[in-house]
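Please look over the sequence and the three-dimensional structure shown here before reading on. The paragraphs after them are meant for someone who has not seen this structure before.

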Amino acid sequence: MAEVLLSVGSNIERDLNIRSGLKSLALEFGTLALSPVYESEAIGFQGDNFYNLVVAMHTALSVGELSSVLKSIENKHGRDRSSAKFSARTLDIDILTYDQQQGEWEGISLPRDEIKKNAFVLLPMADLRPNSYYPGSEQTYKALWERFDSTSQKLWVVPFPLNVE
């Protein structure tokens with residue numbers, strides 16, 4: 001079983017879609033480990049603020065199979081795939097890491113670029129897996145966060161009780 005880290009976000013009916021999305025993930029994959037939920041401003045477009053968190057889970061699915069399941073969950077939550085890349089989302093679930101795999105896997109680039117670029121991905125990863133290593137490097141997520149320019153993107157913890165089983 002591979003350990004997978006996912007980014008989960010929403011800026012449309014955020015509470016409802018995050019909770020429902022996590023429930024769908026738990027039903028599909030079992031036990032989930034969750035970071036705190038963060039609120040952040042939209043990046044790359046004008047829009048409502050996002051809620052984001054990182055989820056750790058295990059799966060026997062391949063990267064491509066996992067991606068298909070995640071897209072299906074997004075679709076069930078009203079994901080509009082015809083909109084621009086940077087736009088409002090009911091539910092956005094991205095594969096960040098799949099074990100320590102690097103490179104192109106079934107059309108998915110791993111590890112995902114957003115890890116080092118976006119505070120709303122890196123900080124929850126540092127919270128959830130502070131001593132885990134970024135694939136192919138000797139830097140932990142905690143160390144990467146400590147070097148990140150946290151003034152470049154506004155981010156704050158949201159009180160968001162999560163009970164997903």
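What follows is a walk through the cores, the strands and helices, the aromatic rings and a few backbone details.

This is a predicted model, in which local features need pLDDT of at least 70 and side-chain atom pairs count only at pLDDT 80 or more, while totals for chains, interfaces and linings use all residues. Residues are numbered from 1 along each chain as its sequence is written, and side-chain values use heavy atoms, with hydrogens and water left out. Helices (H or I, at least four residues) and strands (E, at least two) are DSSP runs, numbered from the N terminus.

A nonpolar core is a set of buried Ala, Val, Leu, Ile, Met, Phe, Trp, Tyr and Cys residues joined through side-chain atoms within 4.5 Å, where buried means under 20% relative accessible area, exposed means over 50%, and partly exposed lies in between (1.4 Å probe, protein chains only). The largest such core has 28 residues, and those with the most contacts inside it are Leu6, Val8, Leu25, Leu66, Leu70, Ile93 and Ile95. At least two residues of this core come from each of β1 (2-10), α1, β4, α2 (63-76), β5 and β7 (108-110). Taking contact to mean heavy atoms within 4.5 Å, and leaving aside neighbours within four places in sequence, Leu70 is in contact with Leu6, Leu25, Phe29, Ile93 and Ile95. There is also a second, separate core of 19 residues, which includes Val54, Leu128, Tyr134 and Phe148.

Strand β5 deserves a separate look. Seven of the seven residues of β5 are buried, so this strand is largely enclosed by the rest of the structure. Two strands pair if DSSP finds at least two bridges between them, and β1 and β5, which run antiparallel, are joined by six bridges; the bridge partner of Ser7 in β5 is Asp94. Thr97 is placed in β5, which spans residues 92-98, and Thr97 counts as buried because its relative accessibility is 4%. Apart from neighbours within four places in sequence, Thr97 is in contact with Glu3, Val4, Leu5, Leu110, Pro111, Ile115, Met125, Pro135 and Tyr141. Helix α4 (residues 119-128) is mostly covered as well, with nine of its ten residues buried.

Helix α1 (residues 14-29) holds Asn17, which is buried at a relative accessible area of 7%. Not counting residues up to four places away in sequence, Asn17 touches Ser10, Ile12, His77, Thr90 and Leu91, and a polar atom of the Asn17 side chain lies 3.5 Å from the backbone oxygen of Thr90. Arg19 is also found in helix α1, but Arg19 is partly exposed, with a relative accessible area of 37%.

How many aromatic pairs does the count come to? The rule is that rings of Phe, Tyr and Trp (its six-membered ring) pair if their centres lie within 6.5 Å, with planes under 30 degrees apart counting as stacked, over 60 as edge-to-face and the rest as tilted, and by this rule the count comes to three. In one of these, the ring centres of Tyr51 and Phe160 are 5.6 Å apart and the planes stand at 85 degrees, so the pair is edge-to-face. Tyr51 lies in strand β4 (residues 50-59) and Phe160 in the segment after β8 (155-157), so the pair ties together parts that are 109 residues apart in sequence. Both Tyr51 and Phe160 are buried. The rings of Tyr134 and Tyr141, with centres 6.4 Å apart and planes at 80 degrees, are likewise edge-to-face, and Tyr134 and Tyr141 are both buried.

Charges also meet these rings. A charge sits over a ring if NZ of Lys or CZ of Arg is within 6 Å of the ring centre and within 35 degrees of the ring normal. The charged end of Arg14 sits over the ring of Tyr51, 3.9 Å from its centre, and Arg19 lies over the face of Phe160, at 4.1 Å from the ring centre.

Some backbone details remain. Most residues other than glycine have a negative phi, and most peptide bonds are trans. The peptide bond from Leu110 to Pro111, however, is cis, with omega near -10 degrees, and Pro111 is placed in the loop between β7 and α3 (114-117). Glu13 has a positive phi, near 45 degrees, and lies in the loop between β1 and α1, where Glu13 is exposed at a relative accessible area of 56%.

Note on methods
A polar contact is a pair of N or O atoms within 3.5 Å; within protein, one must be able to donate a hydrogen and the other to accept it, and residues adjacent in sequence count only if both atoms are side-chain atoms.
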